[in-house]
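Please find below a colleague's note on this model. Have the coordinates open while reading.

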Amino acid sequence: MRAIVYDTVGGPLRLVPVPEPSCPPDGAIISVEATGVCRSDWHAWRGHDPVPLPHVPGHEFAGVVAAVGPEVRSYAIGDRVTSPFVNGCGRCEWCRAGEAQVCPEQTQPGFTHPGSFAERVAVRAADHNLVRLPGAIDSVSAAALGCRFATAFRALTAHGAVTAGQWVAVFGCGGVGLSAVMIAVALGARVVAVDLSPASRARAAELGAEATTWTAAEVVEVTGGGAHVSIDAVGSAGTAAASVRALRRRGRHVQVGLMFGDATQAPVPWNLVVAHELQIAGSHGMAAADYPPMLAMVADGRLRPRLLVGDVVTLEDAGAALTAMDRPVAASAGITVVTL
Ligand SMILES: [Zn+2]
Ligand SMILES: [Zn+2]
């Protein structure tokens, strides 16, 4: 089969023939129809998040089950599926509690083993990690769900506990940030979107953000004292601290953007956390078990992930789409999806 492969950190991304993935006894092989291009893939390629080399990127995909292992009970060849980027083991105490997103034995296609910038990809513990797709959800939309959209959904619902009428600040309007804007608006929240890119701010406004800016001070101003919930969808020392400073008293900060390098030790304004009784949470994707309420909102049109998709490219152009993320400020807004 064909796949995008790189042999060295930051090295050329080449479309080459590779061996077929082998199907684990409890796993499945998915024939990839669409796969998103995500900043996490870029972090791995750039060496911020080490992966085994040579490597095939790609972790947010939709497709059709092409093979299942002998232990799989709930899925069969031909089923249309997607999967969270974190695949739980299905056996540990966290997986049994429905919290596979923090499984200590987790695997991640595109990080721990070859990913979905390929014609086929393996998913372990398929009964636990596959998500059946309703017919109403096309593969390009579904590819946008597995990582950024699901992560934003869980950040706002499970961690942010957002309710109608509350202010939500979203720092960074790339894939996960724009997803957060759309979901927060659908939950009835008022959204202020923060980004340096005029194109990304404009996109956030089209998706229903009531205000856009590039400073935390203006968030406090616009919201009349700060946001009830603020999300750092970038993952940097600056945006994390700005997100905390943008909160109303008793507000909740959710760290969604991954923190690498010096950012792993980034300072938090703890004086505000104590005096204003702020809550700080980290969010790491969403387990397959938590997908049904999100899929229901997609299927009935309250959420429209297809609107978040910017460019749709072929596997031949997937490498170029990944290298384009070297630019700190996005030239075009939205999620790039590769179709096969
Ligand atoms: Zn587990
Ligand atoms: Zn991702």
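The points below cover metal sites, ring contacts, a pocket, backbone geometry and a few distances.

1. Every value below is computed from the predicted coordinates, so local details rest on the prediction's confidence, with pLDDT of at least 70 needed for local features.

2. Zinc ion (ligand 1), donors. Four cysteines supply the protein donors: Cys89, Cys92, Cys95 and Cys103, each through SG. Their distances from the zinc ion (ligand 1) run from 2.3 to 2.4 Å. Along the sequence, the donor spacing is C-x2-C-x2-C-x7-C. Cysteine 92 and cysteine 103 link distant parts of the chain, being 11 residues apart. Cysteine 92 falls in the loop between strand S5 (80-82) and helix H2 (93-96). Cysteine 103 falls in the loop between H2 and strand S6 (120-123).

3. Cysteine 92 has 15% relative accessibility, so it counts as buried. Cysteine 103 is buried too, with a relative accessible area of 1%. The cut-off for buried is under 20%.

4. Histidine 59 and glutamate 60 are both buried.

5. Please keep both values in view when using the label.

6. Rings and charges. How many aromatic pairs are there? The count comes to 0. Two arginines do sit over tryptophan rings. The charged end of arginine 39 is over the ring of tryptophan 42, 4.9 Å from its centre. Arginine 46 lies over the face of tryptophan 45, with 4.4 Å to the ring centre.

7. Second largest pocket. Its volume is about 330 Å³. It is lined by 18 residues, and those closest to its centre are Pro19, Pro21, Val56, His113 and Pro114. Strand S6 gives the largest share of the lining, 3 residues.

8. Proline 54. The peptide bond from leucine 53 to proline 54 is cis, with omega near -5°. Proline 54 belongs to the loop between helix H1 (39-45) and strand S4 (61-68). Is proline 54 buried or exposed? It is exposed, at a relative accessible area of 54%. Its C-alpha atom is separated by 9.1 Å from that of proline 114, 60 residues apart along the chain. Proline 114 is also among the residues closest to the centre of the second largest pocket.

9. Positive phi. Arginine 250 has phi near 65°. Its place is in strand S12 (residues 247-255). With 53% relative accessibility, arginine 250 counts as exposed. Glutamate 277 has phi near 50°. It is located in the loop between helix H10 (270-275) and strand S13 (279-282). Glutamate 277 is partly exposed, its relative accessible area being 47%.

10. Alanine 34. Where does alanine 34 lie? Its place is strand S3 (residues 28-37). The relative accessible area is 0%, so alanine 34 is buried. From alanine 34 to alanine 152 the C-alpha distance is 20 Å, and the two are 118 residues apart in sequence.

11. Proline 328. This residue is in the loop between helix H12 (318-323) and strand S15 (335-339). Proline 328 is exposed, with 79% relative accessible area. Its C-alpha atom is 9.5 Å from that of serine 197, although the sequence separation is 131 residues.

Technical notes: Residues numbered from 1 in each chain as written. Chains lettered and ligands numbered in written order. Predicted model: local features only at pLDDT ≥ 70, side-chain atom pairs only at ≥ 80, totals over all residues. Heavy atoms only, no water. Donors = N, O, S within 2.8 Å, 3.2 Å for Na, K, Ca; no water. Helix = DSSP H or I, 4+ residues; strand = E, 2+ residues; numbered from the N terminus. Buried < 20%, exposed > 50% of the residue type's maximum accessible area, 1.4 Å probe, protein only. Phe/Tyr/Trp six-rings, centres within 6.5 Å; stacked < 30°, edge-to-face > 60°. Lys NZ or Arg CZ within 6 Å of the ring centre and 35° of its normal. 1 Å grid on protein atoms, 1.4 Å probe; cavity = no way out; pocket = protein on both sides within 12 Å on 5 of 7 lines; lining within 4 Å. Points joined across faces, edges and corners; volume = space filled by probe spheres on them.
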